[in-house]
Amino acid sequence: MELPVVLNGQVPLGELLSRVMQAIYAGLSELAETLLNMSDTARKQAIADWIVKTKKQVMKLCAVMKWARNAETVQRCMNITAFLMDQNHQFENVIGGLTYARENLDPTRSHYAPIYIQVGSWCSVQRSIIPIPPMIDTKVIRTPSDMEEIMRYHLRMTETIHVKMSQHQIGTVT
């Protein structure tokens, strides 16, 4: 799985440049129309004001263009943040489910409690009477890979996993 791509509130640099240039051109066209009916002093003042305003816009655009050099790094950071927020949400869901299970599915408050106790005591009696046979070497060696398959299946069905984590394998038992 790849990192989620986050594009919230982002505007392409070309579109921003186009908008600023269109605004400057519109301002210049408007200024040219209004200068005809002004006195010489008012014209000079209007031109100076327009130049200051336009210079501020161009300086802001230059700053944005310098920041755009780091856009790939910033985008990667935003994607990682989104991934971590998603993982945090999944952890909170698990914690909520476990809390619910602990509070609402407590066997001591259940009417099945005597059955739980009876089955538990029978299992411990059965273990003391019937010894558990020792595991053979091939089964011991196969157990981690079987557990890995079970965990991988469970994770793939219920969780969001990063590509590199999905390719991880448990080492061999020696």
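Reply: A salt bridge is a side-chain nitrogen of Lys or Arg within 4 Å of a carboxyl oxygen of Asp or Glu. Side chains of opposite charge can pair when their charged atoms come close. The model shown is predicted. In it, Asp40 and Lys44 form a salt bridge, with 3.6 Å from N to O.

Me: Why can Asp40 and Lys44 be separated by about one helical turn?

Reply: Asp40 and Lys44 are four residues apart in helix H2, and therefore about one helical turn separates them.

Me: Are Asp40 and Lys44 exposed or partly exposed?

Reply: The class follows from the relative accessible area: under 20% is buried, over 50% is exposed, and partly exposed lies in between. Asp40 has 47% and is therefore partly exposed. Lys44 has 55%, so Lys44 counts as exposed.

Me: How many salt bridges does a search of the whole structure find?

Reply: The search finds four salt bridges. Among them is the one between Arg19 and Glu15, whose closest N and O atoms are 2.6 Å apart. These two residues are four apart in helix H1, so about one helical turn lies between them. Glu15 is partly exposed because its relative accessibility is 37%. Another of the four salt bridges joins Arg76 to Glu72 at 3.4 Å, N to O.

Me: Where do Arg76 and Glu72 lie, and what are their relative accessibilities?

Reply: Both are in helix H3, residues 71–104, and they are separated by about one helical turn because they are four residues apart. Arg76 is partly exposed, since its relative accessibility is 43%. Glu72, with a relative accessible area of 59%, is therefore exposed.

Me: Let us turn to the overall architecture. Which elements make up the protein chain, from the N terminus on?

Reply: The order of elements gives a first outline of a fold. Here the elements run α-α-α-α-α-α, that is, six helices and zero strands. Among contacts with a separation of 6 or more, 64% are between residues 24 or more positions apart.

Me: Which residues of H1 are buried, and which helix is included in their cover?

Reply: The buried residues of H1 are Val20, Ile24, Gly27, Leu31 and Leu35, and H2 is included in what covers them. In H2, Ala46, Trp50, Thr54 and Leu61 are buried, and these pack against H1. Leu31 shows the pairing at residue level: leaving out residues up to four places away in sequence, Leu31 touches Ala46, Ile47 and Trp50.

Me: Is Gln90 buried or exposed, and what does Gln90 contact?

Reply: A residue counts as buried under 20% relative accessible area. Gln90, found in helix H3, has 15% relative accessibility and therefore counts as buried. Beyond its neighbours within four places in sequence, Gln90 is in contact with Glu159 and Thr160.

Me: Finally, the surface. Which residues make the nonpolar surface patch?

Reply: Leu13, Leu17, Met21 and Met65 make a nonpolar surface patch of about 310 Å². Helix H1 supplies its largest share, three residues. Leu17 lies in H1 and is partly exposed because its relative accessible area is 34%. For the protein chain, the accessible surface is about 14,700 Å², with 64% belonging to carbon and sulfur atoms. Of its 174 residues, 10% count as buried.

Methods
Residues numbered from 1 in each chain as written. Predicted model: local features only at pLDDT ≥ 70, side-chain atom pairs only at ≥ 80, totals over all residues. Heavy atoms only, no water. Patch = residues over 30% accessible without salt bridge, like charges linked within 9 Å, V, L, I, M, F, W, Y side chains within 5 Å. Areas by Shrake-Rupley, 256 points an atom, 1.4 Å probe, with all protein chains shown as cover. Buried < 20%, exposed > 50% of the residue type's maximum accessible area, 1.4 Å probe, protein only. Contact = heavy atoms within 4.5 Å.
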